[in-house]
Amino acid sequence: MSHPGVAGRIGHLLVFAGACLCVPVGAQSGDVNSCRTDYSIQVRYDEPERMLRGVETIRWVNESRDDVPDLWFHLYWNAFANDRSTHLLQTGSGNRDVKDGEWGWTRITSLIVGRDELVSSIEFVSPDDRRAEDRTVCRVKLPTVAKSGEVVVARLTWEAKIPRVRRRTGYKDDFLFIAQWFPKLGVYETGNGWNCHQFHRSTEFFSDYGAYDVELDLPARYESGIGASGVQAEPSRAGEGRVKVRYVAPSEKDQAALDRTGKLPRVHDFAWVADATSLKYEATFHYDEWAARYKDEVDRVALALGRAPAEMRLRDVHVTVLLQPEHYEQGQRHFEATCTALFFYGLWFGEYPYEQITCVDPAWGARAAGGMEYPTIFTAGTRLFTREAMHEPESVTVHEAGHQFWYGLVGNNEFEAAWLDEGFNTFTQNEALWLRYGPRIRTTDFSGLPFAGVGLAPLPGGGVLEDALSGKRWSLGWGIKLEPLRGSAFLDWWRDQPLFSYARQFVDPRETARTGYLGDPDTDPVDRMAFTYCDHTSYRTNSYRRTATALRSLQGLVGEDNFLRGMRLYSERWRYRHPYPQDFFDTFLEGSKVDVAWYFEQAFRSTATLDWKVEVAQKPATSPRGWMIDASGAWVERKATQPGEDDEVDESDDKPATEWLVDVVVRRKGELLLPLTLELTWQSGLKEQLTWSRDEQSRTTWWKPLEGRGPLREKLRSAVIDPENRYSFDRDLSDNQWFADIDRATPVRWSERVFEQFAAMMHWWGGIGG
């Protein structure tokens, strides 16, 4: 199963038993949190055992400043070995959703460094929770300490039981998606030692950059449905009912050429798929075609970065989509969505540096393999009867392809700062979706068929009495429950009459992050280890939605051009490296040239939120009465000339008032302080913008911007907080604007729809009762 592969190309350092333990190397990368790690793996898949048996050679360069005495490995599949693993305990399901025969595990059978067999000295460790039952991390002491600048070469043999598909890896019938499948080194960090966390429910992965050379030995029927990180390096070899195929990541061509940032491309993981029934859709992303479609965006970005539009050019990329036969007609849509990520992410944050990208459509029943990213390969997920306006599969495809940039190229620690990729990617995905696809239409499913519309009010039910009266569920005692009117596509359609009672709704994808953030805005700050959030809801809220909300508000705070410059510097400086939150903060400040360190502390390192509200009271001014000083300086008395002149003036009077008393109050709840713009529009159409500064907000929770002006010559038409929608943190937008003229038609139209919805439901109940 051996071949020259990576070993030959890196100077024959990947040798087997009898190899040197440590080999000096030349200049280091300068990043003390990154050590180059190269893998050469040959693996065989055996049926019906569903076993992998592999031989693996690792070349690890100690680019830290420390002398390193040991190696630490991830064995991710041991999270699926039993119901006592940390991962399964944290899911709360234990072994309830794992049937006998569906467990997975990994076992190292040999580990040779130099001339020493070390397998007997392997020690399982649990650095996060000290639970001895968890076997997802192990370590082994080296025969000789690896000095700074030296190379360690290790040869492993191992076997692994493939789990039933879960957490984006495993099998479903003949479908195999194989990820986190081999013993993988942790990341050594100067002064901190090995960063090698256990596999938690709310964590993904972290590993060093390098090159992979992998040979897959599979049953021959998989030959037409194989995909993997990187590119196929040579023709497949078939014989005796099996096929061998070799992949290299990055490709040999990519490894030999500097990318646009002046660095040699690397990757930090390797995944593969085998599916005998999948169909291939292949096409090429051409930058010129997209640049012509979005010329204004290219010009905007070039101007912001101080470059000529021609300098923004991106490489062409070959795109392969592996589709289930029933989804093949969606091949062009998967391709288009992948290109959306390649174009916009590349334009904004730097070119995708690899010649190939592969999108995988998981098999039916393998949903747990969907929506996951690995270098140059990712899984999406779709359904039948979908259309582009629903953003299915466009949204998940753009998101997972986008992870090639946030996670793939900028390799943050997903255990400790998952938000640096998930939140960044959620923000970028939503911006790209808006530019390419526009708003998403909301739909309601009836027997799997999407209907373009949604009900405007929830139907009765949820409590014991409500369920009983609506016929949803009758609890008779003794554990007996009846569901006489259990929902079904036909009954739901009959009951709801959606053609008459539903309304069409369109959603701006950029606003979805705020909606998600509002689901849990107070529990945790963004910046904390992924496995230490209060619960999975808090993890998803903060790592994805709150971070995207904070980035969009940051963009509004510093301006689009400054934001782009800060993000671009961060993405290029930390390409193929391991940044932490402070690295992002510091680099963004340098690139944007705007001092918003205070914002990072509040938005990312606290649970501070805000809720602004504007209140307006205005009325026509009455004629002045009482003692006043006239033009000569004398005191004179002004008296009422008509009975009742001092009474309130009716605003509906046909005679227009000449002066108005206008009182505007802006109130703030919450601790997040952002400079706020209030836009006032007067009767003449004149617009006036006023600013409530952070310093002023720190001293009081309210602001009267017109205080001291006295009677005004014009009536106020509207008052709007944050008119340019710069910020997304506000917890209640319904009170952020005030209008003198009330829209009376829209509430009537919406009420009519709600009435129709409940009328149809009552008619349905009456028909059932009759």
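This note describes selected features of a predicted model, from its strands and helices to its salt bridges and surface.

1. Basis of the note. The model is predicted, so local features need pLDDT of at least 70 and side-chain atom pairs count only at pLDDT 80 or more, while totals for chains, interfaces and linings use all residues. Residues are numbered from 1 along each chain as its sequence is written, and side-chain values use heavy atoms, with hydrogens and water left out.

2. Helices (H or I, at least four residues) and strands (E, at least two) are DSSP runs, numbered from the N terminus. Buried here means under 20% relative accessible area, exposed means over 50%, and partly exposed lies in between (1.4 Å probe, protein chains only). Strands pair if DSSP finds at least two bridges between them. With β3 (residues 51-61), β2 pairs in the antiparallel sense over 10 bridges; in this pairing Y39 stands opposite I58. The hairpin of β2 and β3 has 4 residues between the strands, and R50 takes a positive phi near 55° there. With β15 (residues 212-219), β2 pairs in the parallel sense over 6 bridges, and V43 stands opposite L216.

3. A mixed open sheet. Five strands form an open sheet in the order β21-β22-β23-β25-β24, with mixed pairing. Its edge strands, β21 (279-285) and β24 (372-374), each pair on one side only. Within the sheet, β22 (residues 317-323) and β23 (residues 356-360) pair in the parallel sense over 5 bridges, with V319 opposite I357.

4. Helix α7. This helix (residues 394-402) lies across β23, β24 and β25 (377-379), running at about 150° to β25; axes are lines fitted to C-alpha atoms, for helices over the stretch in contact, and angles run from 0 to 180 degrees between N-to-C directions. Contact means heavy atoms within 4.5 Å. Because 7 of the 9 residues of α7 are buried, the helix is largely enclosed by the rest of the structure. The cover over its buried residues includes α6 (331-349), α8 (419-437) and α13 (536-558).

5. Salt bridges. The structure holds 53 salt bridges, each defined as a side-chain nitrogen of Lys or Arg within 4 Å of a carboxyl oxygen of Asp or Glu. E394 forms one with R333, the closest N and O atoms being 2.7 Å apart. This pair links helix α7 to helix α6, the two residues being 61 residues apart. E394 is buried at a relative accessible area of 0%, and R333 counts as buried at 17%. Another salt bridge joins E351 and R260 (3.7 Å, N to O). E351 is buried, with a relative accessible area of 12%.

6. A nonpolar surface patch. W474, L476, W478, I480 and L482 make a nonpolar surface patch of about 580 Å². Patches consist of residues with over 30% relative accessible area and no salt bridge, like charges being joined within 9 Å and nonpolar side chains (Val, Leu, Ile, Met, Phe, Trp, Tyr) within 5 Å. Accessible areas come from the Shrake-Rupley method with a 1.4 Å probe, and for residues only the protein chains shown count as cover. L476 is found in strand β29 and is partly exposed, with a relative accessible area of 42%.
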